[in-house]
Amino acid sequence: MVVQQELKKLGLHYVVVDLGSVEVLEDITPEQHEALKRNLLQSGLELLDDKRSILIEKIKNVIVEMIHYQDELPKTNYSDYIAEKLGYDYTYLSNMFSEVKGINIQQFIIHHKIEKVKELLLYEDLNLTEISYKMHYSSVAHLSNQFKKVTGLSPTYYKKLRKKRDSNLENI
């Protein structure tokens, strides 16, 4: 809605305003472009101009959607899934992502999977075996090792720590 409002302020007519992209009917003048960029920045949004930045954002969006907003993770390899969704060779995507972000796509996926595991530990009545299966880990041990590597805590300890903290907050 913020993007739509800013486009209207500048007298620009849009066809589509979607997550991460906008299609406008007319050519944008350099002044309009600069004003849009400045106004979006004040609202906490960034106008991405170069194709690499746009593609990096698309990669991140595909991963976040895949892990956090789908009921089930894809059955195919993540690399195949991402390449198919974006219509690019995975090696190209992976090299560009690593170059720009300083971590590889697999590390980014692991980070988000662990965030999802944290959410499942706290808000779902699933045990570690069920979470491991849901998140496509080969075993509970693999999940636990990856969780500890990323957070510094075991999944069980993390859940206990959060429950203790939450109960302490309730007592305040």
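Me: Hi! Is Leu25 buried or exposed?
Reply: Leu25 counts as exposed, because its relative accessibility is 63% and the cut-off for exposed is over 50%. Keep in mind that this is a predicted model.

Me: Where does Leu25 lie?
Reply: Leu25 is in the loop between strand E2 (21–24) and H2. Together with Val15 and Val16, Leu25 forms a nonpolar patch on the surface, with about 270 Å² of accessible area together.

Me: On to H2, then. Which of the residues in H2 are buried?
Reply: Those are Gln32, Ala35, Leu36, Asn39 and Leu40. Seen down the axis of H2, they fall within an arc of 125 degrees, so they line one face of the helix.

Me: What covers them?
Reply: The cover over the buried residues of H2 includes helix H1 (2–9). On the face turned away from the buried side, H2 carries the exposed residues Pro30, Glu31 and Leu41.

Me: And what follows H2?
Reply: Gly44 does, with a positive phi near 85 degrees.

Me: New topic: how many salt bridges does the structure hold?
Reply: There are 6. One of them joins the side chains of Glu57 and Lys60, at 3.1 Å, N to O.

Me: How many residues apart are Glu57 and Lys60 in helix H3?
Reply: They are 3 residues apart in H3 (residues 51–68), so about one helical turn separates them. Glu57 counts as partly exposed at 29% relative accessibility, while Lys60 counts as buried at 18%.

Me: Which side chain does Glu119 meet in a salt bridge?
Reply: Glu119 meets Lys116, at 3.5 Å, N to O. Glu119 is partly exposed, with a relative accessible area of 35%, and Lys116 is buried, with 10%.

Key:
Residues numbered from 1 in each chain as written. Predicted model: local features only at pLDDT ≥ 70, side-chain atom pairs only at ≥ 80, totals over all residues. Heavy atoms only, no water. Buried < 20%, exposed > 50% of the residue type's maximum accessible area, 1.4 Å probe, protein only. Helix = DSSP H or I, 4+ residues; strand = E, 2+ residues; numbered from the N terminus. Arc of directions from axis to C-beta. Contact = heavy atoms within 4.5 Å. Patch = residues over 30% accessible without salt bridge, like charges linked within 9 Å, V, L, I, M, F, W, Y side chains within 5 Å. Areas by Shrake-Rupley, 256 points an atom, 1.4 Å probe, with all protein chains shown as cover. Salt bridge = Lys/Arg side-chain N within 4 Å of Asp/Glu carboxyl O.
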